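Hi there,

Here is the structure I promised to pass on. Have a look at it first, and my notes on what turned up follow below.

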Amino acid sequence: MTSVAGSESEGVRRANLAFYRAFESLQISQMEDVWLHSARVQCTHPGWRRLVGYAAVMSSWQRIFENTFEMSFDLTGVEISVTGDLAWVVCTENITSRTYDGVSRSQVEATNVFERHEGRWCVVHHHGSPVVAPTSDEPSPRLQ
């Protein structure tokens, strides 16, 4: 028997994978399917300002898709938290993409927030920050 917490986490895990499959598809219709259709959704792509509202967020995905030929993700360090009808996933996106500039590999630290809406987990917020390797003399961050 699966625990309620395990069942909830599994649903969020599937929703998160659906988000990345939509991303890899480079099809706006698939991306539209995983987001909550609401004026309060938000997205911050690496290096971009925060976008607010469904129309602005979908427009940003359309621009990304139009300039990308191929994209694949290998997710690592995936952590899922669920509280009521909200859930968030933090992970490292190990990305391989092919654009007009050629093939590139990058890492992005991502947070994806989901809201349960009519029994389905939908993305309400995506935030990605590029990983920049520290210089050899940079101290390790420490929590105080």
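**Salt bridges and core**

R13 is partly exposed, at 34% relative accessibility (buried means under 20% relative accessible area, exposed over 50%, and partly exposed in between, with a 1.4 Å probe and protein chains only). Before going further, please note that this is a predicted model, in which local features need pLDDT of at least 70 and side-chain atom pairs count only at pLDDT 80 or more, while totals for chains, interfaces and linings use all residues. Residues are numbered from 1 along each chain as its sequence is written, and side-chain values use heavy atoms, leaving out hydrogens and water.

Back to R13: its partner in a salt bridge is E10, with 2.5 Å between the closest N and O atoms. A salt bridge here is a side-chain nitrogen of Lys or Arg within 4 Å of a carboxyl oxygen of Asp or Glu. R13 and E10 are three residues apart in helix α1, so about one helical turn separates them. E10 is partly exposed too, at 29%. R14 also forms a salt bridge with E10, at 3.5 Å from N to O; these two sit four residues apart in helix α1, again about one helical turn. Helices (H or I, at least four residues) and strands (E, at least two) are DSSP runs, numbered from the N terminus.

Another pair is R40 and E115, whose side chains meet at 2.9 Å, N to O. R40 is partly exposed at 49%, whereas E115 is buried at 15%. There is also a network of salt bridges linking E8, D85 and R116. The whole structure has seven salt bridges.

Now for the inside. The largest nonpolar core has 33 residues; such a core is a set of buried Ala, Val, Leu, Ile, Met, Phe, Trp, Tyr and Cys residues joined through side-chain atoms within 4.5 Å. F19, F23, M31, W35, V57, W61 and F114 touch the most other members. Elements giving two or more residues to this core include α1 (4-25), α3 (54-66) and β5 (102-117).

Which residues does F23 contact, leaving aside neighbours within four places in sequence? They are M31, W61, I64, F65, M71 and F73, where contact means heavy atoms within 4.5 Å.

Best wishes
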